[in-house]
Structures are given as structure tokens and as C-alpha cells.
Amino acid sequence: MILVWLIVILMVAGILAGLTGRFSTSWPRVISLLAVSIDFVISLVLWSQNSSYVKLFPQSDWFKQVDWAWVPQYGIHFHLAMDGLSLLMIVLTFLLGIMSVLISWREIQEGVGFFHFNLMWILAGILGVFLAVDLFLFYFMWELMLVPMFFLIAIWGHERRIYAAVKFFIFTQLSGLLMLIAILALYFIHHSTTGIYSFEYQDLLGTALTPHMAMLLMLGFFVAFAVKLPMFPFHPWLPDAHTEAPTAGSVILAGLLLKTGAYGMLRFVVPLFPGSAHEFAPVAMVLGVIGIIYGAILAFGQTDLKRLVAYTSVSHLGFALVGIFAWNELALEGVLIVMIAHGISTGALFMLVGGLQERTHTREMDRLRGLWATVPVMSGVMMFFAMASIGLPGLGDFVGEFLTLLGAYRVSLGVTIAAVIGILISTLYSLKVIQRAFHGPNTHEWSLPDLGKRELLIMVPMMLILLWIGLYPQPLFNTFKPAMQKLQLYAAPKPVMTMVPGARKLPYDQNGLAETNRSEP
Amino acid sequence: MNGTDLIAILPLLVLTVAAVVVMVAVCIRRSHLLAVWLTLLGLAAAFVSLWPAAAVAPAQVTPLLVIDGYALFYMGLIIAATFVTVILSYGYLENQEGYSEELYILILTAALGSSVLVASNHFVSFFLGLEVLSVALYAMSAYLCNRPLPLEAGIKYLVLAAVSAAFLLFGMALIYAQLGTLQFGQIAAMLISGASYEKTLIYPGLALMITGIGFKLAVVPFHMWTPDVYEGAPAPVTAFVATVSKGGMVALLLRYFYETGAYRLHRVFVVFSIIAIASMIAGNLLALLQNNVKRILAYSSIAHLGYILVAFLAGGNRAAEAVTFYLVAYFVTTLGAFGVVSVLSNGERDADSIEDYESLFWRRPVLAGIFTLMLLSLAGIPLTAGFVGKFFLIAAGSSASLWGLIFVLVVTSVVGLFYYLRILVALYRSPEETGKAAPAAVPSLSLSGSYALAGLTVLLVWIGVYPAPFLEAIQHAVSTLRLF
């Protein structure tokens, strides 16, 4: 039930913010901040209750779940469930959610109520994506988060906002519909072999598929997630959307929306179609590596700061793709850290760039020079996150990329070497930003206010968290481990992979994992 | 015909009486409000009379009409949609010059025709219902006869509908000539058993009938009239054409092709597949080129009928369910969308250019919000009825493995996003950009129209979030359809 409340709080806060926005500009902000903070606290409490995996591991697959019949005629359930993976993603969601509300405090002055309505509903949709284990519900939430994001970009974005918003919407919608077809095909195939209509994740896991069909369906899911991730060559929407969005929009896009793609691959693509995912792994890993290098090179070539940061996402998320398809323990742990650390460091970079734009009204690096002299604190913070992006040991991103590379090394040496080259290029673009925009003489004679209290309130915790992940990531691994083992178990090669009429899914209780208890624990 | 039969067709009788009562009342005293109240009362009475009728269903009343759960469900839908149309018309016509009362007589007549259509399982009642509906629609489209566009719409519709009716009649005649029966049930038996029958005339007959039906549904290549009529007709009438007239025809299409088993014929399947694909592609692509909201909605309706045909082709109970559900969602959405158009229209012209909607959000946030929801529903985005409807359509199609058709549906509906988004973007454009700052005094909306729109919005979200009860009612209704 608590899971439903998490979503409901956000939705209600969104509506309240929209309503109060008609007469006030501060009410929507306060309401949104309050709602996300409450959710954040709840998620932390949940985490502290479930931080040790030894305690709960054998009893249930999920820490918490809620399962209501929704459209019983089609076997559709309103089924939310949480394991270590979704828990960590949720904590990240609320953390970045709070930051987004804070960062928009001054930036957004027009239509404040509607802005916060959209913000809250995006977060609600993302939350739903991380929690849904009914495929219909998952698709529902997947689509739900798009519309408010569209508005966020199209209304409060920068110069080419409408182009960017439409492009974003079309890319994600088309890929989403392909996933819908795959979901439905899986649903009907599952029905034809078992006689049960179900969209339930656990039911569909062992569906007997012919290799050809499995590959097609896997690709349907894969494309939807690859567009979100974004994977080369499905990334063209990303630079536009990130660049044109308001700061809060960029933070949520980079920090959370992209993660839904990686999450979907982890949760659905590999476990549902282990055989074809394994077969497809070389292609996916190569595409991931291309993304790493290509994104880094393009980032290096940008003069628009925000666009540069946007392209780094293509590069960093390439590691996630490589790690997911390497699919061993090290790589998966690496992917988790990449997801979280990238969310925080890139989110922070977008906020800093947004702050710069607010002060200077430009994002062009050539027009910014020698800023260190006038905004030393801001420049220092920028330096910190740029270093994180490079993968400086001691900061979160390093742990993620290092583990991913270790995992990938076991699968393919070539891929690993190429990915390391990508890291090298990331040094180039990060240093370029620092050098061009912050070092040197202040030739344009900028005289700007440094980071204020509100901004420090945002930046300092994010720096601390990144340091914490970089130095002591073990709590994250502990929480993630049971979920990861479960995913690996689902994806383990199964003896029955060919079409046998009437074949039932394999029971997975052989390893102590009982069938999900359908009632609320 | 006995007492039970009369109870069974009570909804039709009530509608007939209501039309007469309104006509007489208009003769005695011309009052817009009185006419509206009488019409609404008549519609409410007709709606209530569905329950006594349901108590005696299923009933075959004369060879012409069958009153079963399916027919009654669609009648309910038609009556409800008519109810909303009347409310919208009231606010709309208050702003117009000239007499308004006669429109309600026409609306009631058209609703009657459509109701007969959904209850017919005989060529005669089919044609009768169709003509009652069409004749009323000619006059309704041209109701504002001092403006050029409605006149053009009326004439165009008159000529083309008459021609298509001739096609339909000819098709019926050919089938009758071959099989010697006008009843759907008997046609089914003969189509299946009649290996010995000479069948040469069946296909030409079916082809001609499909022409007639296709015209009414406005599917490609029989869609030419749609944009002009949608654009020209007064907004509430357009809403009526898009919902009641098309909905009645879809109901008949399902009954005719499913009960006769004609949808199983390979050639029929091929023809409908081509029509569906052409409608989806042409509807969505042509809508991209339009600048007029009513025309955009016209082309989008062509595409939507194409989507419906995809599920129709899947065949079986699930398909009928999906089609019916989609229609319910489509009714709500279309009425809502045209409702917004009609409450924004004034005495001189309809609010049909995209410019009329620019920055609407900053002037009238609630109305813009409603329009947004309607557009999102048309585009099939979650939380709205259109999403669930589209989901069921795709589900029906994939249960029959119509992958090619589904693929076209998916790709074209993404194309469709472009023009829905275009309107959306216009709605939210900032006032400084468009120079349309909030006017000093915002003219207030008609109260009746606001209530209707609020109701539709609630319904739209309700169906979109919790479709189970609606689906159950639809399943119950569709189960009475005798599939062959």
C-alpha cells in the first residue's frame, strides 16, 4: 500500500500545485517540495528497513508489493512491487526530484502551477515505471511520463523548444508502441501455451518461445529501452531535448528518464528473453561501445555547454549498455553504480550550466572565459563534477565504470579496450570545459554572483553523495544483491527453450525462491 | 406484434413521440429553451425505456428489428451522445441568428434513424434507418443556411449520400436476386451451406454494399465528403455526424458482417484490409496538411475508422468488444473535442482555425486542459479513454495475428501525433509570442456547454483509468451478437 501512496502523494501534490498556481507562485513550489520530501523520507525509511539482504531474502521476492485486479477481463493487474533495484532507483528519483524543485525556484516564473503539476506527474510516472511488474501497468506508466515531459520542454524550454519537444515525443512514442506490440505478442503466446491471460511479469518470465519469435519480441522491448537509454543510433532526440529543456527538465531527463531505459533492459529484456539476449549481446555491446566513443567525440566538438553535457550522457550510458549485456555480477553492479552516479553527476552539471545561463544568458563556451575569477565557488563545484565525469577515483562514476569494465573484460577484451578509449576522450572534453570557460583571463569582464545558499544546499549534498558512492559503495551493493541474483536466476539458461505445446513455465523455487505471494505482505 | 414487442421497441417509440412532441410544441410556441427541455426530456425518457426493453430482450420484433443486448447498448450510446449534442447545440445556437428550434426535431429524427440501424437485421430496416438518419443529416449540416459553408456542406452531403444509398440498394438487390432473402440470419445460412448455389452475384453485391457502408463510415476511398462536411456543418452537428451517424453504421457493420459470416470470405477480408490501410495512411497524412481544426479532426476520424477496421477484421467476440469499446471512447473524445470547438465559436464563424486556439491555455486554462485531454485521447496517450481503446484494438488485432495491419496502425498513429501535437503546441504558446494577451473581459462560456464538457472529461478519465466496469457492460452486450 505504501507504494501506492508514494505515487498518489506526487499526483495529488501535482494537482494541488496546479490549482494553487492560479493565485500564487510560492504555493506550488512549497507543495511540490513538501510532497517529494515526504516521499524521499518514506523511501529512506524503506531502505533502512531493507538494507540488509540476509534478513528478507528467502521469504519473498519483493520487499513490498500491492496487487489489485484492474481489468480482470484481460488479466490486467495494478501490481506494484519493490526489490533492491527499484528501491535504489526510487531513492534516486526522489533525490533528483527535490533538486529539480529547488533548482526551478527562481528559474521558472511563468505558469508556475502548471510547471509543478508537470514535474510531479513526471516523477509519478517514473516511479510507476520503476515499480510496475504488470506489463500493461508498466507500459501505462512508461507513456504517462512522456506527456508532462513534453509540456515541460515545449512550454518552459529555450529557443528551439517546440522542435525538441516534438522530436522527443515522436521518438519515444514510436519505440514505445513497438514495445506494446511485443508485450501483446508475449501475452498471447503465453496464453496459447498456458491458457492463462496474464500481463504479470512473473508469469511471463518462463514463456516458451521459438528462438525466432523470442528474438523479434526481444528487439521490440530492446528498441524502446535503447531509445530512452539512449543507444547509438537512436540518440538523436537526446541532445535537442536536453539542450532545450529547462534545467529541471534536463536534470530529470538525464538523471531519471534515461535510467528507465537501463532499468527496462535489466528488468525485462534479459530476464524475459535470456536466450536471444545472449545471442544479441555482441551486437548490443558493440553498439554500446560505439555510443561511448561517439558520444564522447561529439561532446568534445560542442561549443554549447548544455549540449556538451547532453552528449556526455550518450557516452556514459554506453557503459550501462555494455555492462547489462556482459551480464555478470561485476558488470551488473557496475551498471547500477553508473546509473546512480551518472544521475547525480550529470544532474549537477546541468544545474550548474543552468545556473551559468541564468547569470550570463549564454551557453556558448567562447563567450564564457575566466569565470574562475568571478565565481570561484561555482567553478570549483564545476571542477568537482567534471572530474567525476572523467572517472576520477574516489568519486561515484569511477566505481561504476571500473566495475563495468572489469565485468566486460571477462566477456570481450576488444570491447573493454575500446570503452577505455572512451574514458580517455571524456578527459578531453571535461578539461576543455574547465579550460575554456573557467580558466584564463576574464576577457569578457564577467562579474557574476557566486553560488547562493539555495544552490549550495543543492550542490553540497550531491557532492557528498558522489564521494560516498566513490569511497564506500557497499551499502548499495548490499541492497542490490538479492535483486541482482534474482534477475540472474531468471536469465540463467533454461533447459526448455523450444516450443512445447502445453509447456508450463519452470518453477523457480528450486533455489529457494518461492512463487510470489500475491497478497500484500 | 404484441405487447411484449411494443415494450421491446419502446426506446424507438419514445424517440418518435419526442420528435413529434417537439414539432407540435414549436408550432404552438417558439421558445428555444422549451424545445431543448422537451428534447432532453424525450431523450432521457428514451434512455430510461432501455431497461424495460432489456427486460424482454432478446426479441425479434417483426422480421425487421432485433432488440438484443447489443442493439440496446448501442441505442444507449446513441441516445447519450445525442443528449450531449443537444446541450452543446443550445449554447451554440443561442449565439446564432435565425430560428433554432427545428434543429432539435432533426436531431431526434436522426437519432431515431441511427437507433433503427443498430437494431436491424434485415435489409429493409437497414435501409430505412439509414435514410431516416441521412435525410435528417442533410438538413442539419445546412442548418445555418445564411452562411455559405454550411450550405456547401449540406449540398455535398446530400448528393454524395444519395449516390451511395443507390449503390447500397443495388448491392442489396443483387444479393437478394441471388439468395432470395433479405434477412441477415438466412443469408448466413445460405452463404455457408449453399455450395450448390450460384454465387456469381454475391461478390458484386457485397462490393456495392461495402461502397455504401464505406461512404457512411468515411473510409478511404469513400472519404472525399468528410473534410468539407466537417468544416462546413455547425460544430455540434459535426460532433453528431462524427459520433451518432458513424457509430450507428459501425454497429451495423459488425452485425451484418459477423451475423452473415461474410467477414470470413477471403475477398471481403482483403478488401477491408486495403480500406483499413488506406484509411490509416491517407487520413493521417492528409491531416498533416491542414490548418483548420475541424478539417484535422475530419481526417483524423478517417484514420480512426481505419483503426477500428483493424480490430473488426480480427473477427470474433473479442474483436466486437474492442470495436465497441473503442467507439465508446471515440464518442466521448469526439464529442469533447467538438464541444470545445462549439463553445469557442461565436455568431459569425466557428472557431476552427488553429490561430483561434493559440495561447488558449493562458486565457482559459480549464478549457485548454479539457481540449488537451481530448487530443491526447485521440492520440491514444494513457489516462485517457483513447489509450485503453487503442490498446484493446491492438490486442484484438494481435490475437488474430494481423501483424501487418497492426504495424501500419502503429506507424500511422505516430504520424498522427504530429498534428495533435501541433494543436497542443498552439494551445500552450506563450501569449507574448502570439500577441494574444488575455483580453480585458473574457466572454463567459455557456453554462450548459461547460457542464457537458466537464461531464465528458470526467468520463474520459474514468474510462481511461478504470475501464473494467465499462468493459464488463460491453462484454455483456456483445455476447448477444450471434456470430456466425
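**Helix packing, chain contact and confidence**

Author: In this predicted model, the axes of helix H17 (residues 376-390) of chain A and helix H19 (residues 413-438) of chain A come within 8 Å and cross at roughly 170°. Helices are DSSP runs (H or I, at least four residues; strands are E, at least two), numbered from the N terminus. Axes are lines fitted to C-alpha atoms, for helices over the stretch in contact, with angles from 0 to 180 degrees between N-to-C directions.

Reader: Why is H17(A) called roughly antiparallel to H19(A)?

Author: Angles over 145 degrees count as roughly antiparallel (under 35 roughly parallel, 65 to 115 roughly perpendicular, the rest oblique). The axes cross at roughly 170°, so H17(A) is roughly antiparallel to H19(A).

Reader: Which residues of H17(A) and H19(A) meet?

Author: Among them are Ser379(A) and Met382(A) in H17(A), and Ser426(A) and Phe438(A) in H19(A). Contact requires C-beta atoms, placed from the backbone, within 7 Å.

Reader: What is the average pLDDT of chain A?

Author: Chain A averages 86, and 93% of the residues score at least 70; pLDDT is the predictor's confidence in each residue, from 0 to 100. Over residues 495-521 of chain A the pLDDT is below 50. Where pLDDT is low, the predicted coordinates should not be read in detail.

Notes
Residues numbered from 1 in each chain as written. Chains lettered and ligands numbered in written order. Predicted model: local features only at pLDDT ≥ 70, side-chain atom pairs only at ≥ 80, totals over all residues. Contact = placed C-beta atoms within 7 Å.
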